[in-house]
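User: Can you walk me through this structure? I'd like to start with the charged pairs.

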Amino acid sequence: MTIGERIKLKRLENQMTLLEVADLIGVKEATVQRYESGEIKNLKQRTIARLAEIFHTTPAYLMGWEEKNTPNTETSVEGIDLTQSEEEIIKLLRQMDKEQIIQAILALQKLTDIALSSIPYYTFKVGKFAGEENVIISNTGYTGAGGFELYFYPNVADTIWKAVFEAGEEFDIKPIGLGARDTLRLEMGFCLYGNDLDDTTSPIEAGLGWITKFIEGKEFINRPMLEKQKAEGVTRKLVGFEMVDRGIPRHGYELVNSDGEKIGIVTSGTMSPTRKIGIGMGYVKPEYGKAGTEICIDMRGRKLKAVVVKPPFRK
């Protein structure tokens, strides 16, 4: 069942209160009871956090709210009134740049009985899809816009391809290539193996310590070195940067300081379609890794200014 259908089933006389939304999207009943009793005050934050999980983004990105601007009312958050009808809520979410994930769920849900909105981010389920068995449906959304990856046997590729485009015809979906995928993932600051990651890099250097679990008794390749890097620090780190001067950074370009000394190398770079500026990622010496640090990219002998920023580039 799609999120839109779930909302439609729960709404009352074309209206929804915050508590109804909370119940609908899985905020625990005990939490609602504690809110009603006055024990907790942040039900709306928890509700938005769950909405953000469903729509594969952060609460801040989805709603455009910051801690200092947290709304005071119980039935709204900045940018969306939770008492509005299903159609209005979906419309507003689409306006908030989440149209892709809504369309992905609505289109793909036609082809499977697996509840797509119930698949947590970065997990998968295996089941029947477009009439074909043993299809892996993965909620990874590597473009950064949200969505699903499908894994299936080669002999059913044509069937599934046609089924997906028939299901998405009402949304005017189009196929895109790896070039578009690459600009989208880079705008979100997602690493690409072969560029930002390879067999010479470590997850600690790449800022992926959050997926490197040093659990007692669990051994994995090069654990001692990774533990040493985490404890003592690294000699290089992966950073994002935006161009100050006009230019497009490319994989393999050298990163230099203001004196022209090499400090690292570009691993990914492009012209951002949404920002209209050059963006990129690369490894630099740790002392140049702080956001706001000015660096230069050596573009065929020209040293063009850039500044280190924290991804995602698309805010």
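Analyst: A definition to begin. A salt bridge here is a side-chain nitrogen of Lys or Arg within 4 Å of a carboxyl oxygen of Asp or Glu. E227 and R223 meet that rule, with their closest N and O atoms 3.1 Å apart. Keep in mind that this is a predicted model.

User: Where do E227 and R223 lie?

Analyst: Both are in helix α9. They are 4 residues apart, about one turn of the helix.

User: How many salt bridges does the rule give?

Analyst: The count is 9. Side chains of opposite charge can pair when their charged atoms come close.

User: Which parts of the chain does the pair E205 and R236 tie together?

Analyst: Their side chains meet in a salt bridge at 3.3 Å, N to O. E205 sits in the loop between α8 and α9, and R236 in the loop between α9 and β6, so the pair ties together parts 31 residues apart in sequence. E205 counts as buried, with 8% relative accessibility. R236 is partly exposed, at 25%.

User: What about E242, which residue does it form a salt bridge with?

Analyst: With R275, where the closest N and O atoms are 2.8 Å apart. This pair links distant parts of the chain, 33 residues apart. E242 is in strand β6, while R275 is in the loop between β8 and β9. E242 counts as buried at 14% relative accessibility. R275 is partly exposed at 32%.

User: Which residues are linked in a network of salt bridges?

Analyst: D182, R185 and D196.

User: Why does G278 count as buried?

Analyst: Its relative accessible area is 2%, and buried means under 20%.

User: Zoom out for me. How many helices and strands does the chain have?

Analyst: There are 9 helices and 11 strands. The chain has 315 residues, and 43% of them count as buried. The accessible surface comes to about 17500 Å², with 53% of that belonging to carbon and sulfur atoms.

User: And what share of the contacts comes from residues 24 or more positions apart?

Analyst: 53% of the contacts with a separation of 6 or more.

User: Now the cores. How many residues does the largest nonpolar core have?

Analyst: It has 16. L111, F129, I137, F148 and I160 have the most contacts inside it. Elements giving two or more residues are α6 (86-108), β4 (132-138) and α7 (157-167). The largest share, 4 residues, comes from α7.

User: What does I137 touch?

Analyst: Leaving out residues up to four places away in sequence, its contacts include I114, L116, F124, F129, F148 and L150. K125 and E149 are also among them.

User: Last one: T212. Where is it found, and what does its side chain reach?

Analyst: T212 is in the loop between α8 and α9. Its side chain reaches the backbone oxygen of L208 at 3.1 Å. Beyond four places in sequence, T212 is in contact with P203, I204, F220 and L226. T212 is buried, with a relative accessible area of 8%.

Methods:
Residues numbered from 1 in each chain as written. Predicted model: local features only at pLDDT ≥ 70, side-chain atom pairs only at ≥ 80, totals over all residues. Heavy atoms only, no water. Buried < 20%, exposed > 50% of the residue type's maximum accessible area, 1.4 Å probe, protein only. Contact = heavy atoms within 4.5 Å. Areas by Shrake-Rupley, 256 points an atom, 1.4 Å probe, with all protein chains shown as cover. Core = buried A, V, L, I, M, F, W, Y, C linked by side-chain atoms within 4.5 Å. Polar contact = N/O pair within 3.5 Å; in protein donor to acceptor, adjacent residues only side chain to side chain.
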